[in-house]
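I opened a new structure today and kept notes as I went. Here is what I had on screen.

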Amino acid sequence: MARSLNSLIDEVEMAAKGSVDPRLRPKTLVNEAGNHVCSMHSWRWLERPAYLLDFVASQAYLDVPSDFKAIIDAVATDAISADVRLTDLGEVRQRQATPTIASGTYWVAVEYPGQSVTTTNAPVARLAIYPTPSSSSAGAVELIYRAGWTTLAEGSSVSNIPEAYERLLAQAIRAFALGLVDESNGTVQKRLEELDQSAFFRQLKESDGMAQPQMGQMHGGHIAASGSSIYRPYSSITKS
């Protein structure tokens, strides 16, 4: 059973061996630890089903889902007669500065708009797009993406980390807590580095990679023509 925020806060209290100084902000420690675990590796369990993005007329960006962490791919749907290509912000800005005749291709790149006022949270990611859509279109682009940690706010809220990996989350929470209450025996950074280099973490990475050990034939190259396949977790190439 997935653990709730209240249950995860218990890890902070156990690490502190008693009541926790409220200045440590246990809820914040849990969320910081969750962010760390989700960033330790390109976990397969964070790869989400395709998400449809809408074109909004005269809007030079596409809104992404709230749990977005990193883009894997973007593909045009039947809603538009065009291709979608991933690029960097430099090329998007260059094309915006030197507009050309429509080519049936949209270029997209992840961007983070500047913070407008310091009293609000930093803006979330979105996809810059060129050319700017001239008309609105629902479900124009299919986004394949990797999610990040979902912030836990309520005591009954549960983490988006699979049960098989919750022990790693518990260890990360303890590393944050112990690094603050017992810094003389190891800072937060030192304890997290030890966790990153642990055999337990390596085992979980290998297990995660084996969720789909056979990735199918490579495409677009000489190896694909010879009938070779890629296998996880080491991305080794094995000829058939």
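**Entry 1: ground rules.** I am working with a predicted model, where local features need pLDDT of at least 70, side-chain atom pairs count only at pLDDT 80 or more, and totals for chains, interfaces and linings use all residues. Residues are numbered from 1 along each chain as its sequence is written, and side-chain values use heavy atoms, with hydrogens and water left out.

**Entry 2: overall make-up.** I looked up the secondary structure and found seven helices and ten strands. Helices (H or I, at least four residues) and strands (E, at least two) are DSSP runs, numbered from the N terminus. Next I looked up burial: of the 240 residues in the protein, 37% are buried. Buried means under 20% relative accessible area, exposed means over 50%, and partly exposed is in between, with a 1.4 Å probe and protein chains only. Then I turned to contacts, meaning heavy atoms within 4.5 Å. Among contacts with a separation of 6 or more, 63% are between residues 24 or more positions apart.

**Entry 3: the cores.** I wanted to know which residues touch the most other members of the largest nonpolar core. A nonpolar core here is a set of buried Ala, Val, Leu, Ile, Met, Phe, Trp, Tyr and Cys residues joined through side-chain atoms within 4.5 Å. The largest one has 51 residues, and the ones touching the most other members are Val30, Trp43, Phe55, Val141, Ile161, Leu168 and Leu169. Helix α4 gives the most to this core, with seven residues. Another core lies apart from it and has five residues, including Val92, Trp107, Ala109 and Tyr130. I also clicked on Leu168: leaving out residues up to four places away in sequence, Leu168 touches Val37, Met40, Trp43, Leu195, Phe200, Phe201 and Leu204.

**Entry 4: α1 against α4.** How do α1 and α4 pack, and at what angle? Their axes are 8 Å apart, at an angle of about 40 degrees. Axes are lines fitted to C-alpha atoms, for helices over the stretch in contact, and angles run from 0 to 180 degrees between N-to-C directions. That makes α1 oblique to α4. For the wording, angles under 35 degrees count as roughly parallel, over 145 as roughly antiparallel, 65 to 115 as roughly perpendicular and the rest as oblique. I noted the crossing of α1 and α4 as right-handed. A crossing is right-handed if the near helix is turned clockwise from the far one by less than a right angle, and left-handed if anticlockwise. On the α1 side I listed Leu8, Glu11, Val12, Met14, Ala15 and Ala16, which meet Leu169, Ala170, Ile173, Arg174, Ala177, Leu178 and Val181 in α4.

**Entry 5: α4 against α6.** Helix α6 covers residues 199-209, and its buried residues are Phe200, Phe201, Leu204, Asp208 and Gly209. What covers them includes α4 and α5 (188-196). The axes of α4 and α6 come within 11 Å and cross at roughly 145 degrees, and this crossing is left-handed. Here Arg167, Leu168 and Gln171 in α4 meet Phe200, Phe201 and Leu204 in α6.

**Entry 6: salt bridges.** Side chains of opposite charge can pair when their charged atoms come close. I counted a salt bridge when a side-chain nitrogen of Lys or Arg is within 4 Å of a carboxyl oxygen of Asp or Glu. By this rule there are nine salt bridges.

- Glu11 and Arg174 meet in a salt bridge, 2.8 Å from N to O. Glu11 lies in helix α1 (residues 5-16) and Arg174 in helix α4 (residues 166-181), so this pair ties together parts that are 163 residues apart in sequence. Glu11 is buried at 8%, while Arg174 is partly exposed at 32%. Arg3, Glu11 and Arg174 are linked in a network of salt bridges.
- Arg93 pairs with Glu111, with the closest N and O atoms 2.5 Å apart. Arg93 sits in helix α3 (residues 89-97) and Glu111 in strand β5 (residues 105-111), 18 residues apart. Arg93 is partly exposed at 39%, while Glu111 is buried at 8%.
- Arg44 pairs with Glu47 at 3.1 Å between the closest N and O atoms. Arg44 counts as buried at 17%, and Glu47 is partly exposed at 28%.

**Entry 7: Arg85.** I finished on Arg85, found in strand β4 (residues 83-86). At 45% relative accessibility, Arg85 is partly exposed. Arg85 touches Thr105, Tyr106, Trp107 and Val108, not counting residues up to four places away in sequence.
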